[in-house]
Each structure stands twice: as C-alpha cells, then as structure tokens.
Amino acid sequence: MKITGQCPLCVGPTRAAVLCAHCRRHLRQGHSPTDPLDPVVPVGASLITLGAFEGALRALVLRIKHSQDTRVAQWCGHQLARRSRGLPRPDAITYLPSQRVNRLKRGGDTAATVANALALNTGRPLHPMLSPPLGVHRRTRSGSERGKAQGFTLISQPVGRVWLVDDVLATGHSLRQAHDTLTAAGHRVEAWLVLARA
Ligand SMILES: [Zn+2]
C-alpha cells in the first residue's frame, strides 16, 4: 500500500486518511464506555466522548486547539458521530463558545470547529445558540461575581432537541450552565458530546 501522508499526531508516515494505525490504536485503547448514570451529566442527557484527556487523545485535542487542524477536527467529528449512532439525531447541534480573548489568542474556537465537523458528519444543522460570558478574566473576580459572569446569553433559535458540544469536560460546570440556559429557553438537551474527559 502507498504512503499517503504524515500523521498529524506522531508525525510518522501513514497510509490512512488522517491518523496512522498506531495512533488510532492508542486512541481506541484510551476509550472506556460511558457510565449512563454519570453524576456530572444531567438526568435524561447522554454523554459521548472519545476518551480520557491523556496520551494520544490529549495530543489530538491540543492539535485542534492550537493549530486549528481541520483534517483532525473532521476526523474527530466522524468519531463522535460514530459513537453517537445509538442516539436519535437532534434538531440542531450547538457548542460552548469560548471567551473572545481566548478565541483571538488561539485563532479559533475549538468547540465550534468540532461541532461543525460533527454537523457535517451527521447531516444535522449547526446553530450557534449561546454567547460567551463577558470576558473579564476569571481570576480577577470574587466568587459571587464569577458565578454571574460565567452565565451564557441565549441566541434565539427555534426550540427543539439539541446536542451540546465542547472540547474537554473537566468539572462540567460550564456545560451545565449552558445546558441549563438552553433548557430554561425550552430546548431539550439530549446529549453532551466532548472530545475528552479530564
Ligand atoms: Zn500517528
């Protein structure tokens, strides 16, 4: 078989469309089935992830974050679409917008890039539904101010069943806030889809 390119993760030669067989095997090994009773995820919503935020998957996420590699993002969208095959398709896919200052620094919005790839891979429309909290740095705020500042503002969209995308799930605080904002507006958030779980 012909070598078609360079693996973006290990920079080795690859015959595959994106990641080399070695890196794909590492990613598969890192994946563990999601616990349907995971306490971080609200009751009634599913969690879809490609695995833990470590090893090859960590490198993959950082690759999208820092170089906005659309080939890798497409591959991740395809993997998330495969892992979510058992779920009914939503009316729309949306994502957690990053704060403007981060977006400018990185030159893009990781969650938006992944959500776009997922939309292309599932044939479901991508709708921005949330505006980021106003960008005063978190550490400069007191606890109560921080609570308020992290709230998302809603962008009006037809109400329906929604999938919510983010890059990494850590405490789940931001995802929960976004989830609650959407739910309060009448949307039904049926799944959280994240690349990795920290
Ligand atoms: Zn590789």
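Student: Leaving aside neighbours within four places in sequence, with which residues is Leu-118 in contact?

Tutor: Two residues are in contact if their C-beta atoms, placed from the backbone, lie within 7 Å. By that criterion, Leu-118 meets Gly-77, Leu-80, Ala-81, Ile-93, Val-165 and Leu-193, leaving aside its neighbours within four places in sequence. Please note that this is a predicted model, in which local features need pLDDT of at least 70 and side-chain atom pairs count only at pLDDT 80 or more, while totals for chains, interfaces and linings use all residues. Residues are numbered from 1 along each chain as its sequence is written.

Student: Which residues of the largest nonpolar core touch the most other members?

Tutor: In soluble globular proteins, nonpolar side chains tend to be buried together. A nonpolar core is a set of buried Ala, Val, Leu, Ile, Met, Phe, Trp, Tyr and Cys residues joined through C-beta atoms within 7 Å; buried means that 20 or more other C-beta atoms lie within 10 Å of a residue's own. The largest core here has 48 residues, of which Cys-76, Val-114, Ala-115, Leu-118, Val-165 and Leu-193 touch the most other members. Elements that each supply at least two residues of this core include helix H3 (70-83), helix H5 (110-122) and E7. Helices (H or I, at least four residues) and strands (E, at least two) are DSSP runs, numbered from the N terminus.

Student: Why is strand E7 described as largely enclosed?

Tutor: Of the 9 residues of E7 (residues 161-169), 7 are buried, so the rest of the structure largely encloses this strand.

Student: In what order do the strands form the open sheet?

Tutor: Strands of a sheet pair through backbone hydrogen bonds, either parallel or antiparallel; two strands count as paired if DSSP finds at least two bridges between them. Here 4 strands form an open sheet in the order E3-E8-E7-E4, with parallel pairing. Strand E3 (46-49) and E4 are at the edges with a single partner strand each, so one side of each lacks a neighbour in the sheet. E7 is joined to strand E8 (residues 188-197) by 8 bridges, with Trp-163 opposite Ala-191 and Val-168 opposite Ala-196. Strand E4 (residues 92-95) is linked to E7 by 4 bridges, and Ala-92 stands opposite Val-162.

Technical notes
A residue is buried if 20 or more other C-beta atoms lie within 10 Å of its own, exposed if 12 or fewer, and partly exposed in between; C-beta atoms are placed from the backbone.
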